[in-house]
Amino acid sequence: MSTPHRSENKQAKPANKGLHPRNLHNQGYDFQGLVNSLPALAPHVKPNAHGNLSIDFADPLAVKTLNAALLNRYYNIVDWDIPEGALCPPIPGRADYIHYMADLLKPDQANIKLLDIGTGANGIYPLLACQIYGWQCVGSDINTESLENVAAIIANNPSLKDRFTLRTQHDKNHIFEGIIQAGEFFDVSVCNPPFHASRDEALKGSQLKLDNLARSRGERNAKTKSPTLNFGGLGAELWCKGGEQLFLKKLIRESQQYSTQCRWFTSLVSKADNVKPAKKLIRKLGAVDVREIEMKQGKKITRVLAWTFI
């Protein structure tokens, strides 16, 4: 397990990223230190327009290698990799979600069991939860290729073997059914829902992100190509019928059926307009506590909805 006290040393410094106080990435990226941890990152690190070391965040290989370096240096995870086109998660933001879940579960942080719905090919939430807090984790997904990739990551990191297990969701119409077993109890479930309603919508979203990156580098009217590569996602990672709104509705409705088997159900909500109807449905189904947790990374604000029937 990696050492959370490194974050305690950083708490005295002003956080310039707006991340959770325990987040190890509050001071930005130490690219020289990351290159020392993973030399494969070196070819991607160059001075940016401001003279600071950085990478090209529109280059999928650079972003993936940065992730591998961050996981290696700060979380003692080696040989992390994802297939081409798979969703490449921003590590600081994903770590934030886990830290806020730890706050939600206090003071009962010992022997925590976490369920990750749609763990993807990256397995990022259980990996971080295992390494930061030593939690027991289950990752579920409908895509067997994604689960095979996460299984390879676990195999490369023997300390994870007894703490991170994988389960296949065989029915696309269900989320918890077939995953939460009879007599089983989880302290928290986490989820990063597919937020687009179609492949075309996902491509447009990726193109917008790439164009914004180009503008931030001072490239006017720059049209980047192959938007699928960097902000990618294998099928269900990025889109599903009805998009985020319908997925949240299914997640919430099905959570009621497992209300006694999970203390806190949670989900990222990327679209602000989806928060109010989701809260309304949660209350209608009898949740006794509903919380909206804001997470900040620079100017970007994301939110987590958390609810419990217990």
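These legends go through a predicted model view by view.

**View 1. The whole protein.** Local features in this predicted model need pLDDT of at least 70, side-chain atom pairs count only at pLDDT 80 or more, and totals for chains, interfaces and linings use all residues. Residues are numbered from 1 along each chain as its sequence is written, and side-chain values use heavy atoms, with hydrogens and water left out. The protein has 9 helices and 9 strands. Both are DSSP runs, numbered from the N terminus: helices are H or I with at least four residues, strands are E with at least two. Of the 310 residues, 51% count as buried. Buried means under 20% relative accessible area, exposed means over 50%, and partly exposed lies in between (1.4 Å probe, protein chains only).

**View 2. The β8–β9 hairpin.** Strand β8 covers residues 289-297 and pairs with β9 in the antiparallel sense over 9 bridges. Two strands pair if DSSP finds at least two bridges between them. The hairpin has 2 residues between its strands. In the turn, Gly-298 has a positive phi of about 65 degrees. Gln-297 stands opposite Lys-300 in β9.

**View 3. β9 and its other partner.** Strand β9 (residues 300-308) also runs antiparallel to β7 (residues 262-269). These two strands are joined by 5 bridges. Here Leu-268 stands opposite Val-304 in β9.

**View 4. Helix α8.** This helix spans residues 243-257, 15 residues in all. From first C-alpha to last, α8 reaches 22 Å, close to the 21 Å expected at 1.5 Å a residue. The expected span is 1.5 Å times one less than the number of residues. Its buried residues include Phe-247, Leu-248, Leu-251 and Ile-252. Glu-244 and Glu-254 are buried too. The buried residues of α8 pack against β3 (113-117), β6 (186-191), β7, α9 (275-284) and β9.

**View 5. Two nonpolar cores.** A nonpolar core is a set of buried Ala, Val, Leu, Ile, Met, Phe, Trp, Tyr and Cys residues joined through side-chain atoms within 4.5 Å. The largest core has 57 residues; Tyr-75, Trp-80, Met-101 and Trp-135 touch the most other members. Apart from it lies another core of 27 residues, among them Val-269, Leu-305, Trp-307 and Phe-309.

**View 6. Ser-140 and its neighbours.** Ser-140 sits in strand β4 (residues 136-141). Ser-140 counts as buried because its relative accessibility is 2%. Leaving out residues up to four places away in sequence, Ser-140 touches Asp-116, Ile-117, Gly-118, Thr-119, Leu-147, Arg-167 and Ile-179. Contact means heavy atoms within 4.5 Å.
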